[in-house]
Amino acid sequence: MFKYNRTRFHYIGMFFLFLQVLGVCYARFVPERFFAWAPYDEQTHYHIQVLIDEKPLSDEEVTKRYRVTSQRVESRTIHNIFSIIEQYESTYGSEDWAKVLVTYDTNGKGEQLWQYPRE
Amino acid sequence: MAISSGIKAHLPWRTDQADMLPGVLLTCKLLLVLLMLHGYWGYIRDPYLPFIPFLDWFSSYPGVFEYTLKTLFVLSGFFLFFNVKTRLFGIVLGLCVLLVTLASKSTFKNHLFIVSCVFILGGLQSKQDEKPHLLYLQLALVYFGAALNKMLQWDWWDGQYMHNWFSVILEHPLYSQLQEWTNKSRIPAQVIGWFSMGIELVIGFLLLHRKKYRLAIVLILFFHLFLFTLTKERFGHFLDDILIILISFAGWPRGKTTYQSNSKKTLKIKILKLLDWNDSYQFEVSQNEKNGFTIFKHKHFLNALLGTVGFYVGLFALDLAIRILFENPMQHILQCVAFWGTFLYFIPVFFEKPRNTITH
């Protein structure tokens, strides 16, 4: 590597980088890929549908609920989207008793289903 | 009218008199401009589905988180831009962007996360260091992470990922043609996939080697320009981020660099003076080579250009102008011509020995 001064700032920087290394390693043990430097490693076309009291929410309402577009191509793992839905439904939306269905197709290998609450 | 040296040091287009490395400071300033152009202001909101549950506490006090961070963002951005305590405010700015990322899982983007990392590491980098080694390590980590994630997925090895991306999502005409020629074989998709994984891994290793970093820069530029040419994708503004980060790796002059030339009125010298906003280069008129001074040749011109603020700001502005003035496909064609033209024009610089000039 290049010549550098071993100041306390250098060590803080190295520690910050070490935390990111931990993020990359941690991602090996969970399906989500946040803070894992994993851009564009999957292409998933998905559609989120939400039922509250048996009434479906519109695409706009779904987008507003999770702050992710209700249907599009996700260029990181689809588990990031599942994680967002699960977190919302188990915290802010826990009183809604919503039923969520995500139809998705990762890398063109065929349609799959994911639902919340999980059975 | 001459500007006093005190004011000069705080001009936003100067990067040589602050406490940050000049290239790193320019990188941070351009990334800040990039964030604002991409509407980052709208991203700074109260926490919503945060990564850290504690941040939900702020939902009891609407606006406190948002306006505190907006204030910190504006103030630190302003001070960084006008060269006041740039290392400190670089770190503050980076922490703001990182906190905004941590405050909302649904707005997590790699191209925003890397900006926060560069602000923080740029601030932590000492001006006395030879090169911004923390940023080299950061980029190495990005490429290692990207390669590792791909290599652990079978879809990248058997061509499924690339086949789906090019044929279904991008509906790429060149790929369709390749499919016809190869009897609908997955081999072209496999080759592109393997090439991507391989080059990312190699870049990661090269960035860790002091003597190989120039080759790493060439490969980074080639890889991203290749992807951009093929897909028109900027991956959010990840492509812009990477290109801007590379500015900090250029050979920025320390102090004044003096060249010897037959005349001060050649076109190259005029161009250099026009773009040298840090006043880093000066010229001595002489017919004979003086002991220790370097005669100004084309290779010195190329090297010197890579150490000027105006050159990078000009490229940034050119790219922006093309995006504003033209629609696709003309926009993409012009950008490819500009990017590849610049890359090929400067490629000799990356394969020569470090320059030998006199600095004062």
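A polar contact is a pair of N or O atoms within 3.5 Å, where, within protein, one atom must be able to donate a hydrogen and the other to accept it. The model shown here is predicted, and across the interface of chain A and chain B this rule finds 22 residue pairs in polar contact, both residues being at pLDDT 80 or more. On the chain A side, helix 1 (8-26), helix 2 (59-66) and helix 3 (79-90) each supply at least two of the residues that touch chain B, and helix 1 of chain A gives the most, with 10 residues. By kind, the residues of the side of chain A that touches chain B divide into 23 nonpolar, 10 polar and 10 charged.

Taken as a whole, the contact involves 43 residues from chain A and 54 residues from chain B. The size of an interface is often given as the accessible area lost when the parts come together; between chain A and chain B the buried area is about 4800 Å², of which carbon and sulfur atoms give 64%. The count of salt bridges between chain A and chain B is 1, and this bridge joins B:Asp155 to A:Lys109, with the closest N and O atoms 2.9 Å apart.

Over all chains the structure holds 17 salt bridges. Within chain A, A:Arg118 pairs with A:Glu86 at 3.0 Å between the closest N and O atoms, and this pair links distant parts of the chain, with A:Arg118 in the segment after strand 5 (111-116) and A:Glu86 in helix 3, 32 residues apart. A:Arg118 counts as exposed because its relative accessibility is 53%, whereas A:Glu86, at 23%, counts as partly exposed.

In chain B, a salt bridge forms between B:Asp240 and B:Arg323, whose closest N and O atoms are 3.3 Å apart. B:Asp240 lies in helix 12 (residues 238-247) and B:Arg323 in helix 15 (residues 309-325), so the pair ties together parts of chain B that are 83 residues apart in sequence. B:Asp240 is buried, with a relative accessible area of 7%, while B:Arg323, at 29% relative accessibility, counts as partly exposed. Elsewhere, B:Lys8, B:Arg14, B:Asp16 and B:Asp279 are linked in a network of salt bridges.

Finally, consider helix 11 (residues 213-231) of chain B, whose 19 residues should span 27 Å at 1.5 Å a residue, in agreement with its end C-alpha atoms being 27 Å apart. Helix 11 of chain B is mostly covered, since 14 of its 19 residues are buried, and just after this helix B:Lys232 takes a positive phi of about 65°.

Definitions and conventions:
Residues are numbered from 1 along each chain as its sequence is written. Chains are lettered from A and ligands numbered from 1 in the order in which they are written. This is a predicted model: local features need pLDDT of at least 70, side-chain atom pairs count only at pLDDT 80 or more; totals for chains, interfaces and linings use all residues. Side-chain values use heavy atoms; hydrogens and water are left out. Contact means heavy atoms within 4.5 Å. Buried area is the accessible area (1.4 Å probe) that two parts lose on being put together, summed over both. A salt bridge is a side-chain nitrogen of Lys or Arg within 4 Å of a carboxyl oxygen of Asp or Glu. A polar contact is a pair of N or O atoms within 3.5 Å; within protein, one must be able to donate a hydrogen and the other to accept it, and residues adjacent in sequence count only if both atoms are side-chain atoms. Helices (H or I, at least four residues) and strands (E, at least two) are DSSP runs, numbered from the N terminus. Ala, Val, Leu, Ile, Met, Phe, Trp, Tyr, Cys and Pro count as nonpolar, Asp, Glu, Lys and Arg as charged, and the others, Gly among them, as polar. The expected span of a helix is 1.5 Å times one less than its number of residues. Buried means under 20% relative accessible area, exposed over 50%, partly exposed in between (1.4 Å probe, protein chains only).
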